[in-house]
Structure formats: structure tokens, C-alpha cells
Amino acid sequence: MQAIQLQWASSPKLGAEKIETSSSCSKLGFVSFKRRGSFVVKAMAVNLSSDKNGSLLSSIGNSTNIQWHQCSVKKEDRENLLKQKGCVIWITGLSGSGKSTVACALSGSLYSRGKLAYVLDGDNVRHGLNSDLSFKAEDRAENIRRIGEVAKLFADAGVICIASVISPYRRDRDACRALLPAGEFIEVFMDIPLDVCEARDPKGLYKLARAGKIKGFTGIDDPYESPLNCEIALKHKGGECMSPCEMAEEVISYLEEKGFLQA
């Protein structure tokens, strides 16, 4: 018995091949996209076999003889315990747009309401889980993939996960969205102009990029693809920007409206 499952893999390759899959084939097909840092979609043949006790074992990618173990405590049970619904709030935008500041303000606001949230900050994650990754195209794609997978686990635990990462490419963000059930991935776009972000330059990175000391810096010599259909856009209006707390409250209002702050 075979089943086909989609998996993500990063690749710097260009060009594209059509995926060919069927319920009876074991071929690997892939699509590589002409975009730096994109994911490559691999159609992996997942071979299912039964052991002597009749349990189904699977082989996915390089992992063989594995089995998904179900627990009696379900996501709904954890959500009832926490009196909230798990989801992923994905805050994306240029460096200096205020992603981390808003993420922390949002986490604090949820805490004050008795709601459990956790922030996956792009820089923080690179201190541990993703410390083996560089800023090359393929590593940036893998960085987003890993954060997406961890965020999915938090949401499954019933936690409101706040991911704060530049994540400049739509295809990478869409891949993370596809990991979750419909409605549980909430894309928040920090719609702050480049000149405002560069004027802030809290880490001094824009200055280094302009001097040519950093290559492939988002917004300078590498593109940022603005979301086309994000759930929330936090804008810089009329030369003024809302405070981080005001932006956080806008996200809170969305969560309340969609029922995420109750079980």
C-alpha cells in the first residue's frame, strides 16, 4: 500500500519540473522555483507496511520504519484546558518594521488576559534550533520551514504562537500557512515603508548593507514580497505610526472576533 505525501525541501536550483505522482508510483518529482529562498515541493512516495502486529509503519524522506502515535488527549482537550484556541500569528515585514516589538506587546496583552502565548522570534530561534543555518538562499528557506513546523506544534498544543520573522517570500509564507488547518494561520503584515525602517535601523544593518558590507539584505539588494491577502495589515499612516500596544490591540480584536480567545 502506498500513499503520496507532500514535503518541503529547500534548494538553490532554478528551473522547474512537473510533479508526477500516483497512488502506485514510487517516483520522486519536484518543482523548484525561480526565487531566492523558495521551497522546493517534493512529492515523496510514503511506503506503508505492516509489522508483525499489524501496525502501519511508514518511510518519509530519510526517515524509515516510523509510525504516527495518537494520544488520548486531543487538541480540543488542551484548548478546553487553556480556555483558548491554538493558532499561529505570523508577523512579517522588513527589518526595523517593529515585528519583534509588536510580538512582545501582543504576548504581554494576551498574558494580561490570562491567555497563553509564545513568541518565536527570528533572531532568537537562530541562537539555538537554527544556529547551524546561514543567510544563504537555501538556509533562509530552511529557517522559515523549521519555524513553521515548530509554530504548528505550538498551535496543536493549544498555544497562541506568535512568529516574528522577516520571511520575505510569499511562497515560503504560503508553505507555512499550508501546514495548518484553514483559519489557524493569521498573517500580520507590518506595512512600514522602507525609508522609515531604514531611518530606525535599530541594529545598524541598513547602514552596513548600504556600505556593501552585507550582501542579500532584504529591502536593499534582495526583495521583500508584500502579502497579497494577509489577515491583518498594520500600516504607517500619514507620517505617523500606531504604538506597539495599539497594533497589538488590533490583533487582539481579530482574535476575539474569530473566537480564538475562548475554548
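Student: Across which strands does helix α2 lie, and at about what angle does it run to β8?

Tutor: Please bear in mind that this is a predicted model. Helix α2 comprises residues 99-112. The strands it lies across are β6 (87-92), β7, β8, β9 (185-191) and β10 (232-237). Its angle to β8 is about 165°.

Student: Across which strands does helix α4 lie, and at about what angle does it run to β6?

Tutor: Helix α4 is formed by residues 137-156. It lies across β6, β7 and β8. Relative to β6, the helix runs at about 145°.

Student: In what order do the six strands stand in the open sheet?

Tutor: The pairing in this sheet is mixed. β7 (117-121) and β11 (240-241) have a single partner strand each, so they stand at the edges, with one side of each left without a neighbour in the sheet. Read from β7, the order is β7-β8-β6-β9-β10-β11.

Student: In which sense do β7 and β8 pair, and over how many bridges?

Tutor: Strand β8 spans residues 160-164. Opposite Val119 stands Ile162 in β8, and the bridge partner of Leu120 in β8 is Ala163. The two strands pair in the parallel sense, over five bridges.

Student: Which residue of β8 is the bridge partner of Cys87?

Tutor: β6 and β8 run parallel and are joined by five bridges. Within β8, the partner of Cys87 is Ile160.

Student: Which residues of β8 point one way, and which the other way?

Tutor: In a regular strand, side chains alternate between the two faces of the sheet. β8 is mostly covered, with five of its five residues buried. Ile160, Ile162 and Ser164 point one way, and the other way point Cys161 and Ala163.

Student: Which residue of β10 stands opposite Met190?

Tutor: β9 and β10 run parallel, with four bridges joining them. The residue of β10 opposite Met190 is Leu234.

Student: Which residue in the turn between β10 and β11 has a positive phi?

Tutor: β10 and β11 run antiparallel and are joined by two bridges. The bridge partner of His236 in β11 is Cys241. The two strands form a hairpin with two residues between them, and the turn residue with a positive phi, of about 55°, is Gly238.

Student: At roughly what angle do the axes of α2 and α8 cross, and is the arrangement roughly parallel or oblique?

Tutor: Helix α8 consists of residues 244-257, and its axis comes within 8 Å of that of α2. The crossing is right-handed. Among the contacting residues are Leu106 and Leu110 of α2 and Val251 and Ile252 of α8. The axes cross at roughly 55°, and this makes α2 oblique to α8.

Student: How many residues apart in sequence are the parts tied together by the salt bridge of Asp156 and Arg78?

Tutor: The side chains of Asp156 and Arg78 meet at 3.1 Å, N to O. Asp156 lies in helix α4 and Arg78 in helix α1, so the pair ties together parts that are 78 residues apart.

Student: Are Asp222 and Arg140 buried or exposed?

Tutor: Asp222 and Arg140 meet in a salt bridge of 3.5 Å, N to O. This pair links distant parts of the chain, 82 residues apart: Asp222 is in the loop between α7 (205-210) and β10, and Arg140 is in helix α4. Both Asp222 and Arg140 are buried.

Student: Which residues are linked in a network of salt bridges?

Tutor: The count of salt bridges in the model comes to 15. The residues linked in a network are Asp132, Glu142, Arg145 and Arg146.

Conventions
Residues are numbered from 1 along each chain as its sequence is written. This is a predicted model: local features need pLDDT of at least 70, side-chain atom pairs count only at pLDDT 80 or more; totals for chains, interfaces and linings use all residues. Side-chain values use heavy atoms; hydrogens and water are left out. Two strands pair if DSSP finds at least two bridges between them. Contact means heavy atoms within 4.5 Å. Axes are lines fitted to C-alpha atoms, for helices over the stretch in contact, and angles run from 0 to 180 degrees between N-to-C directions. A salt bridge is a side-chain nitrogen of Lys or Arg within 4 Å of a carboxyl oxygen of Asp or Glu. Buried means under 20% relative accessible area, exposed over 50%, partly exposed in between (1.4 Å probe, protein chains only). Angles under 35 degrees count as roughly parallel, over 145 as roughly antiparallel, 65 to 115 as roughly perpendicular and the rest as oblique. A crossing is left-handed if the near helix is turned anticlockwise from the far one by less than a right angle, and right-handed if clockwise.
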